[in-house]
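Hi,

Here is the model we talked about. Please load it before you read on; my notes on the ligand and the pockets follow.

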Amino acid sequence: MTATDEPLQLRSIRSFVKRSGRITTGQIKARAEIGGDFLIDYAPTLLDMQEAFKASPNPSAPVVLEIGFGMGEATAAIAQTLNQTNFLCCEVHDPGVGALLKRIGESNLQNIRIIQHDAVQVLEHMIAPASLEGVHIFFPDPWHKKKHNKRRLIQPPFIEALMSRVRVGGYVHCATDWEAYAVQMLEVLSGAKGLQNSSEVTSEVTSEVTSEVTSGEAKGYSVKPHYRPLTKFENRGLKLGHGVWDLVFKKIF
Ligand SMILES: C[S@@+](CC[C@H](N)C(=O)[O-])C[C@H]1O[C@@H](n2cnc3c(N)ncnc32)[C@H](O)[C@@H]1O
């Protein structure tokens with residue numbers, strides 16, 4: 001039984017490998033000192049959002065789910081910029097979770113909660129239908145090799161399940177620097193029921209900027225929304241001439 005009872009085939013998507021990595025003393029300290037306030041345990045039962053964010057400035061603020069926040073650099077910056085939104089953030093990587101907790105403590109961010117677990121299972125079991133304002137998936141693992149492409153997150157069954165948890169009027173925002181994955185994202189999101197590509201709505205205004213930011217065909221991709229900061233990793237890629245593709249789709253029914 002799932003949150004929406006749809007026949008999900010999501011368990012076949014294993015979109016990460018659990019990497020080991022150095023955990024710093026700062027991260028250990030942050031986890032010990034504030035982990036209890038900001039970490040939510042995975043459980044196969046629906047999450048009460050108001051309860052999860054009851055200590056945030058606005059417990060009933062719209063909730064954005066972020067999948068795979070890495071070291072949490074963008075997450076923390078976005079939570080500061082969009083301070084009227086609550087952020088539920090999933091990551092499996094220990095140092096990443098520690099790093100985001102450290103940033104939360106340093107910047108006194110109250111509108112973030114973290115679930116250290118596979119986001120596919122979190123989505124399937126913990127997120128109620130139409131309970132999210134949006135979803136952020138920035139630079140998901142591209143799984144370059146053809147035999148590994150099936151491990152990519154952005155695939156039709158996952159997007160269908162994901163968007164069932166987003167309210168009508170809400171959005172999904174993906175970004176990648178891997179062109180073949182950008183193409184796949186565009187195909188999957190364009191083919192999903194009830195989604196409208198925001199770049200088509202704003203293309204007259206934005207096409208010039210879009211073609212500067214992205215490489216190759218700009219059609220269908222969005223200008224980087226103001227709230228998403230350039231990360232160190234992304235900046236390095238841009239300097240090397242790599243493209244970056246943002247995709248923003250709105251749920252219209
Ligand atoms: C390439 S990194 C990008 C990190 C970050 N978004 C950024 O832009 O720097 C992808 C991250 O997604 C995480 N990830 C992949 N699949 C996941 C899943 N199913 N649930 C939670 N995290 C996942 C990985 O652990 C990894 O840290």
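Which elements each supply at least two residues of the lining of the second largest pocket? They are α6 (156–164) and α7 (179–191). Helices here are DSSP runs of H or I, at least four residues, and strands are runs of E, at least two. α6 gives the largest share, five residues. The pocket has a volume of about 290 Å³, the space filled by probe spheres set on grid points joined across faces, edges and corners.

Some ground rules. This is a predicted model: local features need pLDDT of at least 70, side-chain atom pairs count only at pLDDT 80 or more, and totals for chains, interfaces and linings use all residues. Numbering starts from 1 along each chain as its sequence is written, and side-chain values use heavy atoms, without hydrogens and water.

A pocket is an open set of points on a 1 Å grid over the protein atoms alone, where a 1.4 Å probe fits, with protein on both sides within 12 Å along at least five of seven lines; lining residues have an atom within 4 Å of a point.

The largest pocket holds about 1100 Å³ of space. Its lining has 40 residues. α9 gives the most, with three.

The ligand sits in this largest pocket (more than half of its atoms lie within 2 Å of the grid points). Polar contacts are pairs of N or O atoms within 3.5 Å. A polar side-chain atom of E91 lies 2.5 Å from a ligand oxygen. A backbone N or O atom of F138 is 2.7 Å from a ligand nitrogen.

Best wishes

Note on methods:
Polar contact = N/O pair within 3.5 Å; in protein donor to acceptor, adjacent residues only side chain to side chain.
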